[in-house]
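Please look at the sequence and the model shown below before reading on. The report that follows takes the chain as a whole and then turns to a few of its parts.

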Amino acid sequence: MKAEDNSSAAQYASALLQLGESKGTADVMLKSIADVNAIFNSQPQLSVFLKHPGVPPAEKQALLKDVFGEIVDEVTSQLLTVLCDRRRTHLLPRIESHFLSLLQAKHNIAPAMLTCADDLSEANLKAFSARLSQSIGKRLDLQVKTDRSLIAGYILKVGDQVIDG
């Protein structure tokens, strides 16, 4: 993806977050954007249709309303219209990613990935999460996976920091 596209996606995400926060619907918008991306991923012909220069804009708008009208909020619907008009629907995955990062930062949440050699019990996982959350001063959005190829211990990634223990 071009740096220009990444910058544009970040700007769209920032504007969306401001709108979502002012309306109190940021979490709903995040789910709507994720749902839209899931549909685009499962139906690649949708992107082809929306990018095709021979399809009149009115037909594209009608398709967007038919496909997404019931499942997305008003702001996300307007975002889709703008992105379609500007032939920028390919930015949606990056917009979702930036939006999530901005929303997590605003709510003082740190994304973390814990890769363990063995399965952790729920009690151990809660204790680990609580200690880590306290030490970094943020709430955690902790994803856990098991990797049997690790001999022992864990690998923890919080933001850009990697801890191997």
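A residue is called buried when its relative accessible area is under 20%, exposed when that area is over 50%, and partly exposed in between. By this cut-off Phe 128, at 16% relative accessibility, counts as buried. It should be kept in mind throughout that the model is a predicted one.

**The chain as a whole**

The protein chain has seven helices and four strands, and, when read along the sequence, these follow the pattern α-α-α-α-α-α-β-α-β-β-β. The radius of gyration of the protein chain is 19 Å, well over the 15 Å that the globule rule gives for 165 residues, so the chain is more spread out than a compact globule. Along the principal axes, the C-alpha atoms of the protein chain fill a box of roughly 60 × 35 × 30 Å.

Of the 165 residues in the protein chain, 34% are buried. The protein chain exposes about 10000 Å², and carbon and sulfur atoms supply 53% of that area.

Which residues of H7 are buried? They are Leu 125, Phe 128, Leu 132 and Ser 133. These four cover an arc of only 130 degrees around the axis, which puts them on the same side of H7.

The buried residues of H7 pack against strand S1 (109–116), strand S2 (139–146) and strand S3 (154–158). The face of H7 turned away from this buried side carries the exposed residues Ala 123, Lys 126, Arg 131 and Gln 134. Just after H7, Gly 137 takes a positive phi of about 75 degrees.

**Aromatic pairs**

A search of the whole structure finds two aromatic pairs, and the table sets out their geometry.

| Pair | Distance between ring centres | Angle between planes | Kind |
|---|---|---|---|
| Phe 40 and Phe 68 | 5.8 Å | 20 degrees | stacked |
| Phe 128 and Tyr 154 | 5.5 Å | 75 degrees | edge-to-face |

Phe 40 lies in helix H2 (residues 26–42) and Phe 68 in helix H4 (residues 57–68), so their pair ties together parts that are 28 residues apart in sequence. Phe 40 is buried, with a relative accessible area of 8%, and Phe 68 also counts as buried, at 1% relative accessibility.

In the other pair, Phe 128 lies in helix H7 and Tyr 154 in strand S3, so this pair ties together parts that are 26 residues apart in sequence. Whereas Phe 128 counts as buried, Tyr 154 is partly exposed, with a relative accessible area of 27%.

Most residues other than glycine have a negative phi. At 53% relative accessibility, Arg 87 counts as exposed.

Asn 108 likewise has a positive phi, of about 55 degrees, although it is not a glycine. Asn 108 lies in the loop between H6 and S1, and is partly exposed, with a relative accessible area of 35%.

**Distances along and across the chain**

Asn 41 lies in helix H2 and is exposed, with a relative accessible area of 63%. The C-alpha atoms of Asn 41 and Tyr 154, which are 113 residues apart along the chain, are separated by 32 Å.

Gln 18 has its place in helix H1 (residues 3–23), where it is exposed, with a relative accessible area of 56%. Between the C-alpha atoms of Gln 18 and Ser 97, which are 79 residues apart along the chain, the separation is 16 Å.

Note on methods:
Residues are numbered from 1 along each chain as its sequence is written. This is a predicted model: local features need pLDDT of at least 70, side-chain atom pairs count only at pLDDT 80 or more; totals for chains, interfaces and linings use all residues. Side-chain values use heavy atoms; hydrogens and water are left out. Buried means under 20% relative accessible area, exposed over 50%, partly exposed in between (1.4 Å probe, protein chains only). Helices (H or I, at least four residues) and strands (E, at least two) are DSSP runs, numbered from the N terminus. The arc is that of the directions from the helix axis to the C-beta atoms. Contact means heavy atoms within 4.5 Å. The radius of gyration is taken over C-alpha atoms; the globule rule is 2.2 Å times the number of residues to the power 0.38. Accessible areas come from the Shrake-Rupley method with a 1.4 Å probe; for residues, only the protein chains shown count as cover. Rings of Phe, Tyr and Trp (its six-membered ring) pair if their centres lie within 6.5 Å; planes under 30 degrees apart count as stacked, over 60 as edge-to-face and the rest as tilted.
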